[in-house]
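These are my notes from a reading of the structure shown below. I set down each item as I looked it up.

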Amino acid sequence: MSPHDRILDRLPLLLDNDLPPVEMQEVIEHLSRCDACRTELDAMRGVAARLVTLRRPVPGRSSSEFAGRTGRRERRNARIGRAAAAAFLLLAGAAAGYLAGARPASRPAPAPAPPASGRDLRIAAASLAAATVNDVERLISSPEDDDRALAARLADLLSALGHDEIAREIARIRDGRDDIRQGAASAGADLLADAARHLVDREAGARLLLEAATVLADADPDRAIDWLDLIAADFDPSRPLLRQARFARARIALARGREPEADETLSRLAADLAPGDPLAHPVARRLIEVRDRPGCDPDLRLAAYDMAERLGALRPVDALRRRILADRSPHAAAAHRIFDDALPGWPDLDALALAARLAPGTETGRIALGLLAGAGDAPPAPEDIERLARTHDDRDIRDLAAFEAAERLLFERKEIAAARLRLRTLAFDATNISVALAARDRLAALGDPWTDALLNTER
Amino acid sequence: MSDSGPPAPARRLESDAAADLAAAFVAARDRLHRIARAVLGSDDEAQDAVSDALLRALRGIGTLAGRDTMTGWLSSITHRAALDRLNARRRESDLPAEAARPAFHDDSHTDTLHRDGEVDAAVESLPPRQREIVRLRHDGGLRLREIAALLDISMGTASAQLARAYRSLRRRLGASKAEGTPHEPA
């Protein structure tokens, strides 16, 4: 590199007046005795001056410089980047709200924000409500602290607007209420769908269309389904997005009472998911929900719980119900029905007592007893059982607990003699005939001569 | 919401930070858009990139402490968001960078007062890095110091790249108009 090149490379910094003093000295000295480099400097100034034409306006700003020049710009702005525009508007509004007096006076005043018109605010509110369905809602319920913090920040930011309308939207977001969808449907969905079609980024467009369909799902499910189909057909979306669209379809089918259709979509979707997928939980939930009907084949119901487990989405109450469903012992069938009634409003003590009474010694009976003992769905502790056996108001429950205690003595602690004593009492004293019969069966299996003799004399 | 009593101190701080960010964002919006436009070449995509940047900034508010300026921080987030979009587009089309970047299209601004097709074409023909620096300098209005920080290069390198860009531009635009008198917009 020639000394001239070294100087020339520094000229832009010289023009910026940002050369360190030593280099500045060197460059100035060189220029004072080199005509060629001086000419270059002039030429650079000339080029730089011509490049002012590169400075172009930023779209979407309603400053007087650009506004109203042509109708075309207006239409264009109405089309493109709706989501981005909404974000801008919200932030602009937030800043404007603060500048209007909500902020302490000591804050440095940033450049004034463009005032948001009523229409802008409506669009912003609609987009916000739409975003709610897929984003804020998801963010608020996300297991990630960061996501929840982001949702809270968004909500804070928006509440700073001070506009009642938007504040109400935020309140709804926080309350997790469903009617945001309804409220936003008419205003937001069409705008979003329109924006989706015009986004350069097709994936973002597909996402927006999905939001639009979700917004519209309650108000106009047929059109929402058309849009969801459009995502797959026209947007060539990524797999996760395609799955979200399918899930949205299943939800719409469920809401309309088309359970077979929802079931089919959900089972295919579930089979396609990996554990930890953001959709794993919601899909598993809906699949269990759609099969949680009295008429549904128990095997199908069990399969839904198994799927939930594979997806890492099995809640304790699901695990409990699965254990009950899997209990095929003869005593259990009636108890199942009682559990089915009791569990949605869990725990209904009467129903539990009844279930326990109907199915002593079975998985269902044990679970009912555990719940009665206040041990939740975990197996009841020995002291809980003893307490129930001694102090429960209901004689039946006392018997059931005593039977459970005897079973434990027998199978867990192998204290056969002690177990026999309790079983003998139950076999003859239990008011609950199921318990008495179960105790006699057990004693017979143990080969208890005393009981045999008594039973024989009884007969 | 307002009737739920005064917010807890922690939340107050959060929303203060968010409001600061909002104010800085609004103030810097045009600059951020120009930065994104310098990378992506289109207004639509720049708008999307700025929107990405905003979400990232909201997520990153917690890490803001100790940053020198909010605007600088937002600028670099925006630049990164724009590069991510460029890379995504490149992957999508499976084409080399040059082909993936569209010629500077901009149907909405052909009516802009100072448009000069010759200058645009000349800038378009520059190597990508030089083109980006020229745009950041003359569309974005950034100083070389800021450009260097944004691109994570030394000021010397930024200056040298710009000098070379000026020389190519001068050759392309022809000596007659480029030399001497600054161009006066009509």
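**Entry 1: a helix pair in chain B**

I began with the packing of helix α7 (residues 144-151) of chain B against helix α8 (residues 155-173) of chain B. I note here that the model is a predicted one. Two numbers are needed for such a pair, since packed helices are described by the angle between their axes and the distance between the axes. I found an angle of about 110 degrees and axes 8 Å apart. Angles of 65 to 115 degrees count as roughly perpendicular, so α7(B) is roughly perpendicular to α8(B).

Which residues of the two helices meet? From α7(B) I listed L144(B), R145(B) and A148(B). On the side of α8(B) I listed M155(B), A158(B), S159(B) and L162(B). Sorted by class, the contact of α7(B) with α8(B) has 5 nonpolar residues, 1 polar residue and 1 charged residue.

**Entry 2: chain B as a whole**

Chain B has 186 residues, and 49% of them are buried. I also looked up its contacts with a separation of 6 or more: 64% of these join residues 24 or more positions apart.

**Entry 3: confidence**

How confident is the predictor in chain B? The average pLDDT of chain B is 73, and 62% of the residues score at least 70. I marked two stretches for caution. Over residues 1-15 of chain B, pLDDT stays under 50, and the model has 15 contacts beyond four places in sequence for them. Residues 98-103 of chain B also stay under 50, with 16 contacts beyond four places in sequence. For the complex, I noted an ipTM of 0.74 and a pTM of 0.40 from the predictor.

**Entry 4: chain A as a whole**

I turned to chain A and recorded 24 helices and 0 strands. Chain A has 459 residues, of which 47% are buried. Among its contacts with a separation of 6 or more, 54% are between residues 24 or more positions apart. Chain A exposes about 21900 Å², and carbon and sulfur atoms supply 52% of that area.

**Entry 5: two positive phi values**

I next looked up backbone angles, given that most residues other than glycine have a negative phi. D236(A) is not a glycine, yet it has a positive phi of about 50 degrees. I located D236(A) in the loop between α11 (221-235) and α12 (239-255) of chain A. Its relative accessibility is 67%, so D236(A) counts as exposed.

K414(A), a residue other than glycine, has a positive phi near 55 degrees. I found K414(A) in the loop between α21 (395-411) and α22 (416-429) of chain A. Is K414(A) buried or exposed? At 59% relative accessibility, K414(A) counts as exposed.

**Entry 6: a proline in chain A**

Last, I looked up P282(A), which lies in helix α14 (residues 280-291) of chain A. With a relative accessibility of 27%, P282(A) counts as partly exposed. I also noted the spacing of P282(A) and A308(A): they are 26 residues apart in sequence, and their C-alpha atoms are 9.8 Å apart in space.

How values were computed:
Residues numbered from 1 in each chain as written. Chains lettered and ligands numbered in written order. Predicted model: local features only at pLDDT ≥ 70, side-chain atom pairs only at ≥ 80, totals over all residues. Heavy atoms only, no water. Buried < 20%, exposed > 50% of the residue type's maximum accessible area, 1.4 Å probe, protein only. Contact = heavy atoms within 4.5 Å. Helix = DSSP H or I, 4+ residues; strand = E, 2+ residues; numbered from the N terminus. Axes fitted to C-alpha atoms, helices over the stretch in contact; angles between N-to-C directions. Parallel < 35°, antiparallel > 145°, perpendicular 65-115°, else oblique. Nonpolar A, V, L, I, M, F, W, Y, C, P; charged D, E, K, R; others polar. pLDDT = per-residue confidence, 0-100. Areas by Shrake-Rupley, 256 points an atom, 1.4 Å probe, with all protein chains shown as cover.
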